[in-house]
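Biologist: I have the model open and would like to go through it with you. Shall we begin with the ligands?

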Amino acid sequence: MITLHGATKRYGRTTVLDDVSVSFGGEGITALIGPNGAGKSTLLGLVGRLLHPDAGRVDVDGRDVRSTPSAQLAKTLAVLRQDNHIVARLTVQDIVELGRFPHSRGRLTVADREHIDRAIDYLSLDEYRHRFLDELSGGQRQRAFIAMVLAQDTKYVLLDEPLNNLDLRHMTEIMKLVRRMADELGRRVIVVLHDINFAATYADRIVALRDGRIVADAARDQIMRPDVLRAVYDTTVDVREIDGRPVALYYG
Ligand SMILES: Nc1ncnc2c1ncn2[C@@H]1O[C@H](COP(=O)(O)OP(=O)(O)OP(=O)(O)O)[C@@H](O)[C@H]1O
Ligand SMILES: [Mg+2]
């Protein structure tokens, strides 16, 4: 389990994550939703130890991440950041190999190569494998980063807005793939999403943040309600039932 115990993060006098206590890992997919600036990336940053809490602590499988050796944490938890700084002169194959680094330490074994090939295949990137990242479309590049995270072969996978840059088909394909990662590979995924209909369709649990606090944490049907969504986003969201599923309308 990933557990935050009263995790707080401040920048100067501003508290951006406010005494958050929550556990992840019981469900295959948890969607993290909330408005811009709510603290979603900050929360993932604390879990991935890219940031340190000013108060409270984060445990992964019962151990404080602060005292977990980096090599061990990297075998347990993979993070796809919202803003991947593209290292243009790397190929798809290169960055997926980077994902294996916690295991290979730079010397790829046969097993490492199998993980790399499988991840490239899983993301349908075979034809782009020797292309440089700056020779790909935004969506192809996004898939390459997801392949990198997949190759890391961790129990926990944290994805910060993985649907950025993707077209309709690829958004759906990525979410189906995330679902398969959870169902077939047993991964525990926390995924930040802005499209709540994707969250409602694919996640087992939805956690909503606003102003650094958790304002809702429940299964789909308890979240996909106009009153709850208003409390999260401070805007009017209509929810209709289509084919037995709640669908949020927020286009007009
Ligand atoms: N390095 C920083 N210095 C000061 N403030 C920061 C810093 N990083 C983030 N913040 C602030 O912390 C708050 C939470 O940011 P965070 O990136 O966690 O939001 P988010 O929920 O991921 O938003 P988005 O949906 O826009 O990605 C924001 O108000 C942001 O301006
Ligand atoms: Mg963010």
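Biologist: How far does a backbone N or O atom of Gly 39 lie from an oxygen atom of ligand 1?

Modeller: This is a predicted model, and in it the separation is 2.9 Å. Ala 38 also places a backbone N or O atom by an oxygen atom of ligand 1, at 3.1 Å.

Biologist: How much of ligand 1 does the protein cover?

Modeller: On its own, ligand 1 has 640 Å² of accessible area, and the protein covers 59% of that.

Biologist: Which residues come nearest to ligand 1?

Modeller: There are 13 residues around ligand 1, and those that come nearest are Gly 37, Gly 39, Lys 40, Ser 41 and Thr 42.

Biologist: And which element gives the most to that shell?

Modeller: Helix 1 does, with three residues.

Biologist: What is the make-up of the shell by class?

Modeller: Seven residues are polar, four are nonpolar and two are charged.

Biologist: Turning to the metal, what coordinates the magnesium ion?

Modeller: The magnesium ion, ligand 2, is coordinated by OG of Ser 41 and OE1 of Gln 82, at 2.0 to 2.1 Å. These two residues are 41 residues apart and link distant parts of the chain. Ser 41 belongs to helix 1, residues 40–47, while Gln 82 sits in the loop between strand 6 (77–80) and helix 3 (92–99).

Biologist: How does the side chain of Gln 82 stand relative to ligand 1?

Modeller: An N or O atom of the Gln 82 side chain is 3.0 Å from an oxygen atom of ligand 1.

Biologist: Is Ser 41 buried, exposed or partly exposed?

Modeller: Ser 41 is partly exposed, because its relative accessible area is 32%, which falls between the limits of 20% and 50%.

Biologist: A change of topic: where is Asp 153?

Modeller: Asp 153 is in the loop between helix 6 (138–151) and strand 7 (156–160). Its relative accessible area is 30%, so it is partly exposed.

Biologist: What does Asp 153 contact, leaving aside neighbours within four places in sequence?

Modeller: Asp 153 is then in contact with Lys 75, Arg 100, His 103, His 115 and Arg 187. For Arg 187, which is 34 residues apart from Asp 153 along the chain, the C-alpha atoms are separated by 8.7 Å.

Biologist: On the backbone, what is phi of Arg 49?

Modeller: Phi is near 60 degrees, a positive value in a residue that is not glycine. Arg 49 is placed in the loop between helix 1 and strand 4 (55–60).

Biologist: And what about phi of Glu 161?

Modeller: Glu 161 is not a glycine either, and its phi is positive at about 50 degrees. It lies in the loop between strand 7 and helix 7 (168–183).

Biologist: Is Glu 161 buried or exposed?

Modeller: Glu 161 is buried, because its relative accessible area of 11% is under the 20% limit.

Biologist: Finally, which side chain makes a polar contact with that of Thr 3?

Modeller: The side chain of Ser 23 does, at 3.1 Å. Thr 3 lies in strand 1, residues 2–11, and is buried, with a relative accessible area of 16%. Leaving aside neighbours within four places in sequence, the contacts of Thr 3 also include Val 22, Arg 57, Val 58 and Asp 59.

Terms used: Residues are numbered from 1 along each chain as its sequence is written. Chains are lettered from A and ligands numbered from 1 in the order in which they are written. This is a predicted model: local features need pLDDT of at least 70, side-chain atom pairs count only at pLDDT 80 or more; totals for chains, interfaces and linings use all residues. Side-chain values use heavy atoms; hydrogens and water are left out. Donors are N, O and S atoms within 2.8 Å of the metal (3.2 Å for Na, K and Ca); water is not among the atoms, so sites may look incomplete. Helices (H or I, at least four residues) and strands (E, at least two) are DSSP runs, numbered from the N terminus. Buried means under 20% relative accessible area, exposed over 50%, partly exposed in between (1.4 Å probe, protein chains only). Contact means heavy atoms within 4.5 Å. A residue is near a molecule or strand if one of its heavy atoms lies within 4 Å of it. A polar contact is a pair of N or O atoms within 3.5 Å; within protein, one must be able to donate a hydrogen and the other to accept it, and residues adjacent in sequence count only if both atoms are side-chain atoms. Accessible areas come from the Shrake-Rupley method with a 1.4 Å probe; for residues, only the protein chains shown count as cover. Ala, Val, Leu, Ile, Met, Phe, Trp, Tyr, Cys and Pro count as nonpolar, Asp, Glu, Lys and Arg as charged, and the others, Gly among them, as polar.
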